[in-house]
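Trainee: I would like to learn how to read cavities, cores and chain dimensions. Please take them in turn.

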Amino acid sequence: MNYEAVIGLEVHAQLKTKSKIFCGCSTQFGAEPNTQTCPVCIGMPGVLPVLNKTAIEYIIKTSLALNCRVNPMSRFARKQYFYPDLPKNYQISQYEQPVSEHGYLDVQVDGNTKRLGITRIHLEEDAGKLLHEVGSRQIDGSYVDLNRTGVPLMEIVSEPDMRTPQEAYAYLTALKSVLEYLDVSDCNMEEGSLRCDANVSIRPIGQKEFGTKAEVKNMNSFKGVQKALEYEIERQIKATEDGERIVQETRLWDADKEMTFSMRSKEEAHDYRYFPEPDLVPVVVEEKWLAEIKQALPELSEQKKERFIKEYHLPDYDAGVLTADRTISEYFENTVKGYANPKAASNWIMVELLAQLNAANKNITESLITPVHLRMLLELIDKGTISGKIAKTVFEEMFISGKMPEIVVKEKGLVQISDEGAIAKVIEEVLTANAKSVEEYKAGKTAAMNFLLGQVMKKTQGKANPGVVNKILKEKLI
Amino acid sequence: MELFAMTAHELSEKIKNKEVTSQEVTTSVFQRIDAVEPKVKAYVTLLKENAFKQAEAIDQKIKAGEPTGALAGIPIAIKDNMNLKGAKCTCSSKILSNFISPYNATIIDLLKKQDMVFIGKTNMDEFAMGSSTETSYFGKTYNPWNLETIPGGSSGGSAASVSADEAIMALGSDTGGSIRQPASCCGIVGLKPTYGRVSRFGLVAFASSLDQIGPLTKDVQDSALLMNAIAAYDQNDSTSVNIPAPDYTKSLVKDLTGLKIGIPKEYFVAGMDKEVEQSVREAIKLLEKQGAKIMEISLPHTEYCLAVYYILAPSEASANLARYDGVKYGYRTPDAKDLLEQYEKTRGEGFGPEVKRRIMLGTYALSSGYYDAYYLKAQKVRTLIKNDFEEAFKHVDAIVTPTAPTAAFKIGEKTDNPLQMYLSDIFTISVNLAGIPALSMPCGFTKNRMPIGLQIMAKHFAEETIFKVAYAYEQNTDWHKEKPKL
């Protein structure tokens, strides 16, 4: 029998507000344990939460970008469970009335656009962390670090609209792009600022009803999500074909073993005893505020891609690559400011820069070659000061040292030789020394031409202007 | 008269006029504490050393002619569920018996701005759950009028301290009657302000949507003065309401002409305590004589108040008290093998039986499958109860009832019967559910010389109306001048 998968994703994204959701503590990642805490976020007796308005603004931005309907009134609720990283032993979250609902995200899969539904987006507080070792030292018992407690967390729940792990991957990539464009989250899965749980079930193709789902947790990369889903779908199909009954459960992905393992069944699931948070008043989003946020929404990748095609006359492919990531698109636009050949800039960014960055495992924002320096390099090529080939050498040096291109050219003596007299002199020498090749060329072996050209370039350490060499060489050989 | 026996407004005059110093007043109060505290046991913690430091600093300020607050130099007692930095805050529970506050409640900062002197933290029912102060981990508090009876609760320590002149004034908290019922039992004035009028930041939560801090004082004028100090919008409390607080002493006028007072028939039922009924009816007659128009009204959902309260308050409490787990602070069981056992033993050993009962009630009411039938239903009925009051206040300015069904009962009389104990708050709970303000003041004595309380309610943020009625009554009676013999 042929099966298809039904996948829905729950994404948790930390909002990059300066302070926590219910107190004034910093949200900075990586501080010494328990240094970014106060009576409120560590749940001292008698404290009360006060909502950070910026967190609401960020979640509304996200809601609008994801085509969600923002509820005029939303409410916080207490989600109750005991765990040492949760100081109050309840998490302030949202339950019946989230910030927004009923949105969608269009994603590209195999060249086709697929619209994936978004059920709801809600706001909650993050929990702390348990430490079982300090540095490499194992400790007796567990330590609690509450720096992360109260960092604003946005939960984006998708509809079960995905059918393949690839679609899930595409959804996550597209969602990350939106969050980065909005500048509301760092989206760093390794630091935990973005987390993803997947609900997955299988059903025979053609069947309308959903199968029994498993919730898969503990993936720490988008590829990990894709792999975990691939594994889990296979597992469920095999189990079904072996006549087993799939049970509703939570399963953990083990990235080393590349397998999922059962963590708890539905029967063991918590009863969270949600009820409306009495310490907070409902969040009221007035039309005026919503309109202001809408007005101030930045251009998102799709719009930017269209604009790049129109404004810079870039091919669809280039525009797609350059706008997939906000920081790359910004780099491109800074490079072509006042520069007449955007396609050349696009080529250099896509081919050279991204490859080098990738090899060095760096973000474009960490590039030592600034957009201005890259533009200078392109201008040196355009002016004929250096050849495109030499430019690659200059580029490599710039990538390592961050020096200006002129300086690299000067230091390495890489200025292009375009003087016809000087080039003619070198050609004479080459032709004299390679009489055999000249003969061959004259006998009709055109390949000999390339050899002679190569010899000239070699003699000038690649600095001779290839156009000029070509011209004179042809003249001399006739 | 001894300094400790005076009211805050009398002492304030004397301190301002430099007839006495804050240190003299503080000395007098601590002498009184030395004399009667062994019998009354109103306090969990005394802050003697710090109190004298404060008094000295305030005296110097006055001497130097610096501006001081209206209640400068007055010693005040604080219920032990409000955070005062550096002092223990136990909530009269074993689980917080070693907890020292790392921060100040907003009301503490406000009282500091008034240059008040903190005498100590007063005893209470554990986590404010009770009507007799018998559930305290640190032992009972005794009613100064009769040491064999309860002082009321949960703010029994605060009420007893004021009644016994062990404090000039005190703060209590009221979730279902915890200021008014002990005020009634101890023959003093207690006000539960409108929900949102006084900041809850730093008040250890029992039931967040019902809790409110308020004054316990020797007379109505002191109540108004203390309200002037603590009624303020607080941005640290999202449920605090941003309405400017008036000068409550301006409502201390005797004239009640044209004021309409409602008497809800549901609060005067067959079988009620005869002495209580008689005193309250006489008080109503006196108000009428002062110019008030008395009207019978109905609050038809009164009979559901107790049931609604005992679903909503424990529900909120079950979440509010979840944080006491031995992980971060407070009592932790000495011998647990793993995390689950640490939770279970810490909470099993740290909480008393009444607190456990309410945590279980609330946990049950919020459980999947029961939520709609209990919590949600109770919320709906709460709205009906609120509507009752809204409707009533379209016709009357104030409502007058007894504060409690009886005068203070004997110690141990109701400890084995929680339902009987819960009935002590039958007349006070509706006010918390509706969020309106209400005050209890003495309106007579039983033949055994136990005080009887009169309750005056008004609509949201109409504390001024309450003060007007209370002051007019007080000016024509002497009940508040009576003192227990200790």
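Trainee: Which residues lie nearest the centre of the largest cavity?

Mentor: Rolling a probe the size of a water molecule over the atoms shows where empty space is left. Here a cavity is a set of points, on a 1 Å grid over the protein atoms alone, where a 1.4 Å probe fits but cannot get out, and lining residues have an atom within 4 Å of a point. In this predicted model, 15 residues line the largest cavity, and F22(A), V40(A), P49(A), K88(A) and I92(A) lie nearest its centre. The lining divides into nine nonpolar, one polar and five charged residues, where Asp, Glu, Lys and Arg count as charged.

Trainee: How many cavities of 30 Å³ or more does the structure hold?

Mentor: Three. The largest has about 110 Å³ of space, a volume being the space filled by probe spheres set on the points.

Trainee: What conventions apply to the numbering and the values?

Mentor: Residues are numbered from 1 along each chain as its sequence is written, and chains are lettered from A in the order in which they are written. Local features need pLDDT of at least 70, side-chain atom pairs count only at pLDDT 80 or more, while totals for chains, interfaces and linings use all residues, and side-chain values use heavy atoms, leaving out hydrogens and water.

Trainee: Which residues have the most contacts inside the largest nonpolar core?

Mentor: In soluble globular proteins, nonpolar side chains tend to be buried together. A nonpolar core joins buried Ala, Val, Leu, Ile, Met, Phe, Trp, Tyr and Cys residues through side-chain atoms within 4.5 Å; buried means under 20% relative accessible area (1.4 Å probe, protein chains only). The largest core has 231 residues, and Y171(A) and F127(B) have the most contacts inside it. A second, separate core of 33 residues includes A345(A), I349(A), L374(A) and V409(A).

Trainee: Is G262(B) buried or exposed?

Mentor: G262(B) is buried because its relative accessible area is 0%. It is placed in strand β7 of chain B, residues 260-264; strands are DSSP runs of E, at least two residues. Beyond four places in sequence, G262(B) touches M295(B), I297(B), V396(B), A398(B), I399(B) and V400(B), with contact meaning heavy atoms within 4.5 Å. The C-alpha atoms of G262(B) and A398(B) are 6.1 Å apart, although 136 residues separate them along the chain.

Methods:
Buried < 20%, exposed > 50% of the residue type's maximum accessible area, 1.4 Å probe, protein only. Helix = DSSP H or I, 4+ residues; strand = E, 2+ residues; numbered from the N terminus. 1 Å grid on protein atoms, 1.4 Å probe; cavity = no way out; pocket = protein on both sides within 12 Å on 5 of 7 lines; lining within 4 Å.
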